[in-house]
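Welcome! Please take a look at the sequence and the 3D structure shown here, and then read on for a short tour.

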Amino acid sequence: MSGSEILETKSLTKAFGGLVALDKIDLSLQAGKITAIIGPNGAGKTTLFNLIAGVYPVSSGQIYFQGKILNKIPAHKRAAMGIVRTFQHVHLFGNMTVLENVMSGRHPRSSYGFLESAFRLPKARREEESISLNAIKYLNLVGLGTHAEHDALSLPLGQQKLLAIARAMATDPRLILLDEPGAGLNTLEKRQLSDLIRNIREMGISVVLVEHDMPLVMGLAEWVIVLDSGQKIAEGTAAQVQKNPKVIAAYLGEEVE
Amino acid sequence: MLTKVKSKWNYLVIAALLVLLLLIPFEWFLGQYTHLAIFIGIYTIVTVGLCLLMGYTGQVSLGQAAFFGMGAYVSAILSKTYGVNPWLAMFIAAVMTGAFAYFIGYPIFRLKGNYLAMATLGLGLIMWILFRQLVQYTGGPDGMVGIPYLSIGGFVFDTSFKRYFLIWFFCLVILLISQNIVRSRTGRALRAIHGSEAAAESLGINVDQFKVKILALSAVYASLAGSLYVHHLRFVSPQSFDFLASVKLVVMAVIGGLASVWGAIFGSGTTHVLSEVLRKAGEWDIIIYGLILMLIMIFMPGGLFVKLKEIFERLRLRYRQRGVEP
C-alpha cells in the first residue's frame with residue numbers, strides 16, 4: 001500500500017487461554033481516513049481495540065503506529081504518542097463536571113506534577129490556563145460548551161457520548177478509536193455524531209470505529225474491515241464489502257440462528 | 001455574578017473559622033479545651049491524607065495508623081534515644097515513612113477493593129506488633145516517656161497554648177497544600193482514577209504511579225502528625241496505633257465527607273468532641289457513638305461537612321430571595 005499508514009498490524013494474534021480471539025490479522029490503516037471495523041458479535045473487534053490501546057499484551061505478531069512498534073509500550077504512554085480511545089460504556093468520570101472531564105484529557109499534553117500543584121508554582125498556573133482554554137475548545141467542538149459546569153453524569157446518554165469524544169480529542173490524538181459510538185443514540189443524535197466524526201477527520205485525525213449500526217457505518221466509513229471469528233474476511237469500500245458473499249454469509253449466518 | 005457572591009460568602013466563612021481557631025486556646029474563651037483542639041488538629045492532618053487517598057483516588061487504607069505510628073516512633077527514638085534535634089527527627093521520620101509507603105505501594109496496589117483493604121489492614125497489624133515487640137527501641141507495650149519538646153532557637157513549645165498554634169499552623173498549611181493539589185492536574189488525575197481506571201489509563205494517566213505517590217503523600221502527612229503527637233504528649237505507646245486507631249481514622253475521613261479536604265476538620269472534630277461528651281455516659285459511650293455514626297451514614301452519606309454546606313447554601317439562598325424580592 002501507499003506510504004502514509006497510521007496503523008499497521010502484522011499477523012496480530014491474541015489468545016485467551018485456548019480461545020483464539022484474533023488470528024493472524026494483517027491490517028493497514030490509511031492516515032486521515034475514517035475506517036470502520038465491523039463483524040458479528042464475538043468477531044474480535046473489541047479485542048483488536050484493546051490491543052491497539054494496550055489494555056492487554058499481544059500473544060504474537062506486531063502492531064505499528066506511524067512505523068513505530070507498539071507492542072511493549074504501556075497503555076498510558078500511548079496517549080502521548082497520539083492514540084486515544086473511547087469506550088462502549090462511556091466511562092465518564094462521574095465525580096467531575098463536564099469541563100473537568102475534558103480537562104482530564106489534557107493530561108498527556110501537560111506536565112506539572114505534585115510539587116507544582118501543591119504550591120501553585122508559575123508552571124502550574126501557566127499550564128492550567130492552557131488546559132482550560134483547550135478543554136473549552138474541545139467542549140465547543142462537540143457542542144457542549146453551555147454544559148461546562150454540569151455534573152458529567154447529569155447529561156443524557158447522547159451527550160455523554162459526545163463528552164467522551166471531547167475528552168478523548170483533548171489529548172490531541174493522531175488516531176482516535178471509537179468503540180460503538182452510536183450505540184443507544186436516537187436518529188438525531190446519530191446524525192450529530194456523524195457530523196462530528198467527519199469534522200474530526202477534517203482536522204486530519206484518523207478515525208477507527210467499531211460499530212453495529214450499518215447505516216451509520218456505510219454513511220461514514222471510507223474503508224471497511226470485516227472480522228468474523230477472529231479472522232479478517234473482507235475489506236474495501238462500503239459498497240464493495242456489502243456485495244462480498246463472505247460478508248453476507250457471516251451476517252446472514254448469524255441472523256438466521 | 002452568582003459565583004462572585006458565593007466566593008464572598010466563602011471568604012466570610014473562612015475568616016470566621018480562622019478567628020474562631022485563633023481564639024480557642026485563650027483562657028477567657030475555650031482555653032479549657034486546648035488539649036482537645038490540639039488532638040483535633042493532629043488527627044485532621046492524618047484525615048486529610050486519607051481523604052486524598054480514599055475520597056479522591058478511591059483507594060482504601062485500613063492501616064493508616066501504621067504510618068502515623070512510624071512518624072511517632074521514629075521521632076521519639078531519634079530525638080530521645082539518640083539526641084537528634086526534634087525538627088530533624090521529624091523530617092527524617094517523614095522521609096522514611098514516605099519512602100516506605102512508596103515501596104510497599106507497588107506490590108499493595110496490585111490488589112483492588114477488598115483485597116487492598118485486607119493488605120493495608122495487615123500492614124497496620126504488622127507495624128503495631130513491631131511497636132510492641134521491638135522493646136529495646138520502642139519500650140514495648142509500656143511505651144516511651146520524656147520525649148523532648150520542639151523548640152525554635154530559645155523558644156520552647158513547652159505549654160499547650162504554644163503547641164496549639166504550632167500544630168494548627170502545620171494543619172492549615174497541609175490543608176492548603178492539599179486543596180491546591182485537589183484543584184490541579186494532579187487532583188484531576190486522582191479523581192479520574194477513582195472514576196474509571198480504564199479511562200484514566202487511556203488518557204495517558206499513569207494509574208499505578210499516581211496511586212503509589214498519593215499513598216506516599218498520605219503517609220508523609222500521617223508521619224508529620226505522628227511526630228507532632230509525640231512532641232506534644234512527650235509520651236508514646238503502641239496503643240495509639242492499633243487496628244482501632246486505623247478504623248477511627250477512616251471514620252473521621254468518612255464523617256468529614258470523603259470528597260472534601262476541609263471536611264477533615266469536621267471529621268476529626270466531630271469524632272473527638274463526641275467521644276469527649278460521651279465520656280460522661282460511661283460504658284454506654286461506645287453504643288451511643290456507634291448509633292450516631294450509623295445515623296450520620298444513613299442520613300448524610302456524603303459526610304457531615306457536605307450536608308452542612310448544603311444546609312448553609314439553602315439558608316443563604318432563602319435569605320437572598322427575601323432580600324431581593326419585595
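## A helix on the inside

In helix α6 of chain A, the buried residues are A:Q160, A:K161, A:L162, A:L163, A:A164, A:I165, A:A166, A:R167, A:A168 and A:M169. A residue is buried here if 20 or more other C-beta atoms, placed from the backbone, lie within 10 Å of its own. Because 10 of its 13 residues are buried, α6(A) is largely enclosed by the rest of the structure. Helices (H or I, at least four residues) and strands (E, at least two) are DSSP runs, numbered from the N terminus.

What do the buried residues of α6(A) pack against? Their partners in chain A are β6 (83–85), α3 (98–104), α5 (122–141), β7 (175–179) and α7 (187–202). Contact means that the C-beta atoms of two residues, placed from the backbone, lie within 7 Å. The length of the helix fits as well: at 1.5 Å a residue, the 13 residues of α6(A) (157–169) should span 18 Å, and the end C-alpha atoms are 18 Å apart, which agrees. The expected span is 1.5 Å times one less than the number of residues.

## About the model

This is a predicted model, in which local features need pLDDT of at least 70 and side-chain atom pairs count only at pLDDT 80 or more, while totals for chains, interfaces and linings use all residues. Residues are numbered from 1 along each chain as its sequence is written, and chains are lettered from A and ligands numbered from 1 in the order in which they are written.

## The nonpolar core

The largest nonpolar core has 162 residues; such a core is a set of buried Ala, Val, Leu, Ile, Met, Phe, Trp, Tyr and Cys residues joined through C-beta atoms within 7 Å. Helix α10 of chain B (207–233) gives this core its largest share, 16 residues. Among the residues with the most contacts inside the core are A:A166 and B:I45. Leaving aside neighbours within four places in sequence, B:I45 is in contact with B:F170, B:C171, B:I174, B:Y221, B:L224 and B:A225.

## A sheet in chain A

Four strands of chain A form an open sheet in the order β2-β1-β4-β5, with antiparallel pairing. β2 (19–30) and β5 (68–69) stand at the edges with a single partner strand each, so one side of each is left without a neighbour in the sheet. Strands pair if DSSP finds at least two bridges between them, and 2 bridges join β4(A) (60–65) to β5(A). There, A:F65 stands opposite A:K68.

## Where the chains meet

The contact takes 25 residues from chain B and 33 residues from chain A. On the chain B side, α8(B) gives the largest share, 9 residues.

Definitions and conventions. Buried ≥ 20, exposed ≤ 12 C-beta atoms within 10 Å, placed from the backbone.
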